[in-house]
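Please look at the structure below before reading on.

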Number of protein chains: 2
Amino acid sequence: LPGKQKMRVQVPPGARISSRPRLPSVILKPTSAEQVSSVMRICNERKIPVVPYGTGTGLEGGSMSLKDGVCISTLSIEGGIDELNEADFDVAVRPSVTRKQLNDYIRNTGLFFPVDPGADASLCGMCATSASGTNAVRYGTMKENVRNLEVVLADGSVLHTSGNGVRTRKSAAGYNLTNLFVGSEGTLGIITKAVLKLHARPQARAVAICHFNTVADAVNSVVETMQMGTPIARIEFMDHVQVAACNSYSKLSLAEQPTLALEFHGQNDGEVAEQAKFVEICSSNGGSAFEWATELEDIEKLWTARHNAYYAALAMRIGASGFTTDVCVPISRLAEVIVETRRDLDKMNLRAAIVGHVGDGNFHVILPVFEGDEEEMKVVYAFSDRLVRRALSACGTCTGEHGIGVGKIPYLLDEFGPIGVEVMKSIKRALDPNNIMNPGKIFA
Amino acid sequence: LPGKQKMRVQVPPGARISSRPRLPSVILKPTSAEQVSSVMRICNERKIPVVPYGTGTGLEGGSMSLKDGVCISTLSIEGGIDELNEADFDVAVRPSVTRKQLNDYIRNTGLFFPVDPGADASLCGMCATSASGTNAVRYGTMKENVRNLEVVLADGSVLHTSGNGVRTRKSAAGYNLTNLFVGSEGTLGIITKAVLKLHARPQARAVAICHFNTVADAVNSVVETMQMGTPIARIEFMDHVQVAACNSYSKLSLAEQPTLALEFHGQNDGEVAEQAKFVEICSSNGGSAFEWATELEDIEKLWTARHNAYYAALAMRIGASGFTTDVCVPISRLAEVIVETRRDLDKMNLRAAIVGHVGDGNFHVILPVFEGDEEEMKVVYAFSDRLVRRALSACGTCTGEHGIGVGKIPYLLDEFGPIGVEVMKSIKRALDPNNIMNPGKIFA
C-alpha cells in the first residue's frame, strides 16, 4: 500500500478500543466505482468489514484495520482529473489524485485548490477526513470546498451527494448530504469521485515573519486584525520551542520567541499592501519589525520549514517518534489555552513544540516521545487528556482538523454528550445497518 | 400568527400532494426550549404532526399545515440575543430574533450578519431553510454561517449540533450535524437557538449600475470578474422587463436593458477602488459607463428597489399574485439558460420579470398571475416545469435558495434520483421514526 499510515494513535487513559490494529485479511485494488460497488454488495451480504485506504496520510488511524476484513485501496480507481470547468471554478477528481497533482495540473489556468494539510494527500481522502490546514483561515476547510461527491454506500448503491451531475455554487434541495459525507471518515461510504471548488490563484503574494514577547501579544494581534476584516491567507503561530526546532532543522535564524508567519494574497501588489496594514497592529502589540519575503523561492522556503515543523520537533530528540494533539478553541480563548498548555508541559518536564493555525483557533502540540517507555507515555497521555479537557471547557473541540479516528472516540462523547453521539450513531445505523463501513472509527 | 405564510405553492403538473393546506388543529406558543421538548415528547408518543412556524416568510410552503396537528410558533420562545462574542465573531440568537434586529443590535460593534434573503426573517428560520440572497456571492449562504444549533428532536431530546457549547471556527469531530439541520426545513427537529458567524462590517461601500446590450454580455462580465478573484459583495442581474418594472414601481430612471447592480465592500476606499477594476471588464463586454452610488442613502435606495423587485413585477399586472421560480446553474451555463427562459416566456406570451443572484448562478422568474384562471395557470406550471428541466440538464438544481417545501417534491427525485432521495428518507426515518416533524415537506 502507498503512504505510511501512522499506526500509533493517541488513546487516552482508560479508553477501551474494541480491537487492536492488525493487517487486513485481503487488500483489493478496484479500478472503478462499479468494482467498489460489487465488493460492497458482497461484503454487505456477508457482513464483512471494509476499510477504505487512500494515501494513508491521516493522523488518527482512520484507515487502520481493527478487525479481519477487506481493505479497499482507492488509489487504483482509474480516471484522474475528470472534468475541469474553469469558468465555474470546479474540477472533478478520482481518489488517485493528490492535492499537489491537482495544483500542478491547473497551474496555467489562473486557478488553484487552496486546502493544504501539509501532506500530499488524496483529495477524496481529504474529503473523508474534512482536512484543513494553513490556508483555511481565508479559503475554508474541505467543508467549504466540495460541490458534490460520488459515494459507494454500504449496500453497493452509488450516491451523488448533491444530485446527479449537479455542480452549482449553492442549492437548497433536500438534506445537505455532501457535508454529511465530508468528515465521515469512511464510516458511511467510500468516496470514489469529488467535485471540488477552485479559487482564483493570487497574482501577488507576500510572506512576513513577526516576533512577539508573549503568546498573548501574538494572538491578540491576530484577533484585532481579523476584526478589521482583513482576509489574510495564512496566520501561523510557532512558540519559542518550535522556532528553535525549525531553526535547527531547516537552517533558519529566526528569533526564538513566539512568532507569527503570515501570508497575504491579492490580485495585485496594491491589494497586498492594503492588507499589510496588519503591520501596525502587530507593532502596537509589541511585535518586531516584519521580515518580508516576496520572492517565490523565499516564500517556499519559509512554508517548507513550517510544513516540516513536525519533523523539526521530532529532531529535538534523536530516535523519538511523534505524538500530536489537535484542539481548537474560539480565538478569544486561544492565548490563555496555549499559555496554560505551555505551563503544563514545562511542569511535567515534557519536551514539546507548539504550532497553530491561529486565525482558526487551532493548534498542535508536537511531542517527541519514546513509545516504548510506558512511564513517559502515561505522562504524555495524561497531558493530552488535560489539554482536551482544557479546550472543551473553553468552548472548544478535541479535534480541529485531524478527525476522531480511533483515539478520540471517548472525547466525542464528552464533546457532544449522549444525545449528539446517539444522533450520529442513528445516522450510521440508517446508512450502514450491518456496521461494515470502517468499523471502530468515530464510534466504539 | 405573525408574518404572512404564502399559502400558494408551485405544484408542477401531475404532482400529487397527500393533503391540501389547512389550519392547524392547535397553535402553541412555548416560551422555552424545555416547553418545546415537552410538546414534542407528547406528540411523538401520540404520533401527532408538528409544524414549526417562525416569521412565515418562506416561499415554498414550509410552515403550512397539511394534516391535522400542532403548529408551534417559535417566536414566543423567550431570550433574544443571548451571547455576543465580538472577538470571536459569533452570536447566539433565539427564534424571535430577525435578521434586521440582529444587525441593529450589533450596529456599533464593527460586525454584521451578511445573509440577506430580502424578507426580515427569523434567523433560526433562515437556518431551517438554508436561506441565502444577494450577499451570498461574497459571504456565503446560511450553510457557511452557522456555528452551532440547539435543536429539539422529534422525541423531545435536545441536541447541540456542533457539541455542547462549542463555537469554534472549525471542527473535525464526528458527523457535521449542523449542516444536516441547516436546510432540513423543520423535518428533523425544531431549531430553538442558533450560534451564527459574524463578519467585519465593511468600512467602505460602493454601489454601481451597469447596462448591457445582451444577457450574455452581462453574465460573461461576471464570469470574467470572478475569475480574477475579485470578492464582489453583490452582483445582481435584472433583465429589461425587471428594470422597467422597478423604474415604474420605485421611481427610478434606469436604462431598460439587461442590467447588473453591483456592490463592493472594503475596509477602506483603496480596497474598494481595487475591486472596481471590474469596470474595465464590463466595458470590454459592451457595458455602459458605471453609475455610482457611494452615499448610504443612495445605496439603500437602490437595494430597496432590488428587494422590491417582486412587488414591482406584480405591479405590472393589477390584481395579480406572484409565482416565483428559483433555479440555479453553474455560471458558465447561466447566460444560455436565461436566454432560453426569456424566449420561452415570450413564446408563451407570459408577462414575467427575471432577477438573479448572478454571481451564484441563481435566478428567479417572477410571474404576476391570476390564480383563478385555470388555463393561465396550466401554461405557467408548464413553463415552470420546462425551466426546472432546463436547469437540471445544465448541471443545475431546482432550488437555489427557497427550498423544496411542498411544491418541488417531485423535482427532488429528478435531481437526486431514487438513491439520493432514499438516503435522505432513511436519515429522516432514523431521526423521526413516527414522521411527526413537518410531515409532507421535502418528501411526499
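The side chains of Lys170(B) and Asp360(A) form a salt bridge, with a distance of 4.0 Å from N to O. Lys170(B) is found in the loop between β8 and α5 of chain B, whereas Asp360(A) is found in the loop between β16 and β17 of chain A, so this pair joins two chains. Both Lys170(B) and Asp360(A) are buried. The model is predicted, and the points below are grouped by topic.

**Relation between the chains**

- Chain A can be laid on chain B by a turn of 180° and a shift of 0.0 Å along the axis, with an RMSD of 0.0 Å. The two copies are therefore related as by a two-fold rotation axis.
- Of the interface residues of chain A, 100% are also interface residues in chain B, so the copies meet through the same surface.

**The interface**

- In chain A, 87 residues are in contact with 87 residues of chain B.
- The area buried between chain A and chain B is about 6800 Å², and carbon and sulfur atoms give 60% of this area.
- Arg169(A), Lys170(A) and Tyr175(A) supply 14% of the area that chain A buries against chain B, which is more than any other three residues.
- Between chain A and chain B there are six salt bridges. Lys170(A) forms a salt bridge with Glu401(B), and the closest N and O atoms are 2.9 Å apart.
- The two chains also share 28 residue pairs in polar contact.
- Several elements of chain A each supply at least two residues of the side that touches chain B, among them β8, α5 and α6. The largest share of that side, 13 residues, comes from α14(A).
- By class, the side of chain A that touches chain B has 34 nonpolar, 38 polar and 15 charged residues.

**Salt bridges within chain A**

- Over all chains, the whole structure holds 62 salt bridges.
- Arg167(A) forms a salt bridge with Asp88(A), the closest N and O atoms being 2.9 Å apart. This pair links distant parts of the chain, as Arg167(A) and Asp88(A) are 79 residues apart. Both Arg167(A) and Asp88(A) are buried.
- Lys378(A) forms a salt bridge with Glu375(A), with the closest N and O atoms 3.9 Å apart. These two residues, Lys378(A) and Glu375(A), are three residues apart in helix α13 of chain A and are thus separated by about one helical turn. Both Lys378(A) and Glu375(A) are exposed.
- A network of salt bridges links Arg99(A), Asp116(A), Arg205(A), Arg234(A), Glu263(A) and Glu300(A).

Terms used. Residues numbered from 1 in each chain as written. Chains lettered and ligands numbered in written order. Predicted model: local features only at pLDDT ≥ 70, side-chain atom pairs only at ≥ 80, totals over all residues. Heavy atoms only, no water. Least-squares fit on C-alpha atoms with pLDDT ≥ 70 in both. Contact = heavy atoms within 4.5 Å. Buried area = accessible area lost by both parts, 1.4 Å probe. Polar contact = N/O pair within 3.5 Å; in protein donor to acceptor, adjacent residues only side chain to side chain. Helix = DSSP H or I, 4+ residues; strand = E, 2+ residues; numbered from the N terminus. Nonpolar A, V, L, I, M, F, W, Y, C, P; charged D, E, K, R; others polar. Buried < 20%, exposed > 50% of the residue type's maximum accessible area, 1.4 Å probe, protein only.
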